[in-house]
Amino acid sequence: MTPLASPAWQALTSHGETMRKHHLRALFADDSERFANFSIRADHLLLDFSKQRINAQTLALLHAYADSVDLDTWKQRMRDGEMINASEQRAVRHMDLRAGQLAPPEVKAVLGRMQAFCEQIHSGSWRGFSGERITDVVNIGIGGSDLGPRMASKALAAHQQADLKVHFVANVDAADMAPLLARLNPRTTLFIIASKTFTTLETLTNAESARHWLVAAAGSDHAVARHFVAISTNRTLTAKFGIANEQVFEFWDWVGGRFSVWSAIGLSLALAIGWRHFEQFLAGARAMDEHFFSAPPENNLPLTLALLAVWNTNFLAATSHAVLPYSQSLSLLPAFLQQLEMESNGKQVNRHGQALDTATCPILWGESGTNGQHSFYQLIHQGGQLIPSDFIALRTSDFPLPGHHSALLANCLAQSAALAFGRSAAEVRAAGVAEALIPYKVFPGNQPSTTLILPALTPATLGQLLALYEHKVFCLGILWNLNSFDQWGVELGKQLAGRLTPLLAGTGDASAFDASTRGLINALRSS
């Protein structure tokens with residue numbers, strides 16, 4: 001049965017028609033205990049969803065729908081290592097990467113090699129071709145091989161190693177790589193090439209440029225062995241590149257790229273923050289895994305986020321979702337979650353290859369507060385579109401300066417309240433505003449939001465946060481009846497780019513392409 005045809009879904013549809021008429025002002029007026037009734041505390045995290053446009057019946061109906069799709073069975077199937085990624089015939093086992101003593105032997109082996117390598121770099125026992133210690137590390141990857149470690153390294157800047165700088169290059173545009181190489185020292189720079197197949201166009205193009213830069217400085221190809229390591233499964237191509245077998249860190253096809261920061265893909269993060277902190281990062285994610293599998297539905301953080309997303313997307317007709325971390329350290333989190341959520345659930349085909357009959361993943365976007373307030377908040381407040389939001393705040397600042405954090409938190413709370421309750425014409429008039437200006441100063445409100453408070457931004461709490469959103473994505477895949485773990489939509493553009501590259505270089509026949517593409521090729525090739 002498709003979601004749209006199920007009785008539980010139809011009950012939610014009927015209820016949604018009723019709830020769309022209610023304003024958050026009225027919902028709060030009717031329930032003095034609304035915060036207590038619609039918030040969850042777990043693992044030192046606080047999730048307040050009282051500003052969502054829901055009531056107790058909404059939650060009951062959403063949980064009934066989750067029961068109807070047998071969510072608990074799907075959770076167990078994932079945990080047991082079944083091939084729930086059916087279109088690629090793969091298990092989904094990223095939780096094994098952070099399972100601690102219960103991790104599979106192959107995972108423990110790679111983690112052990114990562115730890116030993118980190119200790120070599122940090123102690124200075126690993127030296128470059130000139131005998132100097134490594135001072136800079138460059139992670140070359142794209143997508144999941146870049147976004148996760150890049151975001152986490154910035155998020156944990158307060159915990160980074162003082163004598164090692166970690167940089168990230170992803171874009172095939174030379175403007176990403178060239179300025180970085182211009183300010184680095186080839187004698188003290190280590191490159192991590194992160195590509196599962198070691199064939200990713202962007203990554204290998206950047207890797208070759210880095211190799212040429214190094215060899216030109218060293219005067220010998222032998223220097224590659226001291227300045228390059230790889231995270232890959234293709235040892236034939238890594239050896240051809242000049243990377244010794246013992247400097248290749250493996251990972252497995254049951255690890256999707258956007259779920260891979262816990263694997264060897266996290267090597268750059270481990271180098272940035274040190275192995276002890278990286279272990280805390282894994283432990284934080286493991287704590288969220290345990291919560292997800294053991295907490296009852298009404299107190300389950302990931303499930304609650306997923307159910308609210310279904311409610312807003314499918315029954316209140318929201319088409320986008322804002323992620324608003326009030327932490328500059330988390331400024332890259334929206335970009336990370338864009339891949340995690342939209343690549344996972346941006347689909348209109350179900351697990352059986354049939355067209356879905358309902359909307360799925362909304363467009364996810366956002367910016368750190370307070371920067372976003374001076375950018376796009378105007379649209380959320382008065383643009384007339386329903387835009388649910390996640391506010392994320394830290395109880396304690398990771399970079400304490402007097403007066404800063406209280407001002408930051410005040411803005412976070414003020415914005416969530418303003419979005420929820422707005423300001424009526426009567427209130428504006430009572431404030432003495434001139435009648436001609438009243439329409440401009442009315443705020444409709446009724447914008448739903450959730451506020452997540454972390455006690456502090458540490459390796460452990462960052463691990464919890466990322467695992468929380470991973471499990472949200474999994475729940476949504478089940479609730480929408482789709483496979484969250486394949487990504488066929490990224491393939492076509494890659495294939496076409498491979499065919500277009502020689503044409504732009506002046507070779508090959510462009511006749512198979514459409515008139516627009518042929519015209520653009522000619523325009524780009526003309527002097």
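Which crossing, left-handed or right-handed, does helix 5 make as helix 19 is passed? Helix 5 passes helix 19 in a right-handed crossing. Handedness has a simple rule: the near helix is turned from the far one by less than a right angle, anticlockwise for left-handed and clockwise for right-handed.

## Before we start

This is a predicted model, where local features need pLDDT of at least 70 and side-chain atom pairs count only at pLDDT 80 or more, while totals for chains, interfaces and linings use all residues. Residues are numbered from 1 along each chain as its sequence is written, and side-chain values use heavy atoms, with hydrogens and water left out.

## How helices cross

Helices here are DSSP runs of H or I with at least four residues, numbered from the N terminus. The axes of helix 5 (71–79) and helix 19 (residues 459–479) come within 10 Å and cross at roughly 125°. Such axes are lines fitted to C-alpha atoms over the stretch in contact, and the angles run from 0 to 180 degrees between N-to-C directions. Helix 5 and helix 19 are therefore oblique to each other. The naming goes like this: under 35 degrees is roughly parallel, over 145 roughly antiparallel, 65 to 115 roughly perpendicular, and the rest oblique.

Now look at helix 1 (residues 7–19) and helix 4 (residues 56–68), whose axes are 9 Å apart and which pack at an angle of about 160°. That makes helix 1 roughly antiparallel to helix 4. Their crossing is left-handed.

## Two helices and their spans

The expected span of a helix is 1.5 Å times one less than its number of residues. Helix 13 (residues 275–294) has 20 residues and reaches 28 Å from its first C-alpha to its last, close to the 28 Å expected. Its buried residues (buried means under 20% relative accessible area, exposed over 50%, partly exposed in between, with a 1.4 Å probe and protein chains only) include W275, F278, D289 and H291.

Helix 20 (residues 491–504) has 14 residues and should span 20 Å, which agrees with the 20 Å between its end C-alpha atoms. Helix 20 also has a kink of about 25° at G498, shortly before the proline P502. The bend at a residue is the angle between axes fitted to the seven residues ending there and the seven starting there. Just after helix 20, G506 takes a positive phi of about 100°.

## Charged partners

Side chains of opposite charge can pair when their charged atoms come close. A salt bridge is a side-chain nitrogen of Lys or Arg within 4 Å of a carboxyl oxygen of Asp or Glu, and a search of the whole structure finds 16 of them. In one, E82 and R77 have their closest N and O atoms 2.8 Å apart. E82 is partly exposed at 34% relative accessibility, and R77 is partly exposed at 26%. R150 and D146 form another, at 2.9 Å; here R150 is partly exposed at 25%, whereas D146 is buried at 4%.

E106 and R93 also meet in a salt bridge, 3.8 Å from N to O. E106 lies in helix 6 (residues 105–123) and R93 in the loop between helix 5 and helix 6, so the pair ties together parts that are 13 residues apart in sequence. R93, D96 and E106 are linked in a network of salt bridges.

## A proline in the loop

P104 is found in the loop between helix 5 and helix 6. P104 is buried, with a relative accessible area of 13%. The C-alpha atoms of P104 and I243 are separated by 26 Å, with the two residues 139 apart along the chain.

Key. Helix = DSSP H or I, 4+ residues; strand = E, 2+ residues; numbered from the N terminus.
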